[in-house]
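I opened the model and kept notes as I went.

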Amino acid sequence: MIKDVKKKLRVAVIGCGRISVMHLGSIKMLDEELVCVCDIKPDRAEEAAEKYGTKAYTDYIEMLDNEQLDAVHICLPHYIHCKVATEAIKRGVAVLSEKPMDVNYEAAEAAVALAKERNVLFGIVSQCRYNNSAVLVKRALEAGKLGKIISARSILTWSRDDAYYAESDWKGTWDKEGGGVVIDQAIHSIDLVNWMIGDEIKSISANLCKHSNKICEVEDTAEGFIEYEGGAVYGFYCMNNYAVDEPIEIILQCEKGKAVFDYDDAVITYNDGAVEQAHQDFSADYNGGKDYWGFQHVRQIRQFYAALRGEEPLDISGEEALKTHKLICAIYENGTRNGKLKSRNA
Ligand SMILES: NC(=O)c1ccc[n+]([C@@H]2O[C@H](COP(=O)([O-])OP(=O)(O)OC[C@H]3O[C@@H](n4cnc5c(N)ncnc54)[C@H](O)[C@@H]3O)[C@@H](O)[C@H]2O)c1
């Protein structure tokens, strides 16, 4: 925890690819000290360093050893998230890692245990939980206004074409990305539903398949059925070989009403006829990037920094994120066993 709450936090971003702009822009917007950036590709590190007026590194170990950092933001390929987080945690540096936690469960669990043992803050990005729509529905559930969730569904139909995979040296591979549409895109909608239900999982049945001739190895389509201990059931469908990025659709059928929401809007219709709505406020907080990344990185990063200063508990800790990570890993375990694709561990 940072004792001097007025001091600017000394932070760094590791990985200067596509998503890094959401972190770099947020750090600037929140007026913390961006001490340095790091990317194994020197041109990316230097370009980001120049744009944001800071120092560039190509070796994150050298960076961690040279700089007295309060926190690092991990914006790296999935398979090295926990490896890099562990190096930071060992040095007492707080970590905010992009989703997913890693490509397997064990690495994530070990990193969470280490952070707990060393008393170092470890957060995982799941920025869609900060959408106004998700906040309205979660608050209604927590207040008991909707009663228990009886059944839930989510649908995600997005577009990730060959060009998207061709420009990456890690996406579309089992070993480095850990999967396709489930672990990379649908993780957000699956996390929202799993967070809303907030119960232990009783059983999972899932199917993964690759329908079109993408240049990648991983699934482009998945569906699954999840039963929770308390009786709720959740069905999901996702594909990333659609023509465009349609808004996601989530519906929760609850004891006292129904919630229908996507990333931008939510409508809750209670059984007594009352209606509550929320809409995204695009003028607040948003700091650039793609629409389908959502708009709330800055809100989550602000919350992470407040936790680092000891002002409030961390919302999405490693421990909290493990709940959805466990579900994602179980979907792959079950889906690759049942479906047409070879296991990511094969
Ligand atoms: N939260 C969201 O909505 C959202 C959206 C997009 C991506 N992401 C996540 O962000 C992460 C990064 O995705 P991206 O699309 O920016 O990928 P990217 O490939 O564009 O960027 C990753 C960067 O990491 C660098 N890198 C790789 N190995 C490194 C190492 N050992 N040391 C330093 N740098 C290294 C690469 O050179 C690259 O520049 C992923 O976890 C992805 O799932 C999250």
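**Overall build.** I counted 10 helices and 14 strands in the protein chain. Helices (H or I, at least four residues) and strands (E, at least two) are DSSP runs, numbered from the N terminus. The radius of gyration is 20 Å, close to the 20 Å of the globule rule for 346 residues, so the chain is as compact as a globular protein of that length. That radius is taken over C-alpha atoms, and the rule is 2.2 Å times the number of residues to the power 0.38.

**Ground rules.** This is a predicted model: local features need pLDDT of at least 70, side-chain atom pairs count only at pLDDT 80 or more, and totals for chains, interfaces and linings use all residues. Residues are numbered from 1 along each chain as its sequence is written, and side-chain values use heavy atoms, with hydrogens and water left out.

Buried means under 20% relative accessible area, exposed over 50%, partly exposed in between (1.4 Å probe, protein chains only). Of the contacts (heavy atoms within 4.5 Å) with a separation of 6 or more, 68% join residues 24 or more positions apart.

**Cores.** I looked up the nonpolar cores, which are sets of buried Ala, Val, Leu, Ile, Met, Phe, Trp, Tyr and Cys residues joined through side-chain atoms within 4.5 Å. The largest has 52 residues, and V137, V182, I190, M196, Y234 and L252 touch the most other members. Helix 8 (residues 181-197) gives the most to this core, with 11 residues. A second, separate core of 36 residues includes L64, I74, F122 and L322.

**V72.** Next I went to strand 4 (residues 71-74), where V72 lies. V72 counts as buried because its relative accessibility is 0%. Beyond its neighbours within four places in sequence, V72 is in contact with several residues, among them A12, I14, M63 and L64. I also checked V72 against F122: the two are 50 residues apart along the chain, and their C-alpha atoms are separated by 9.9 Å.

Which peptide bond is cis? The one from K99 to P100 is, with omega near -15°. P100 is in the loop between strand 5 (94-97) and helix 5 (105-118). I then noted D31, not a glycine, with a positive phi near 65°. D31 is in the loop between helix 1 (20-29) and strand 2 (33-38). D31 is partly exposed, at 46% relative accessible area. N119 is not a glycine either, and has a positive phi of about 55°. N119 is exposed, at 68%.
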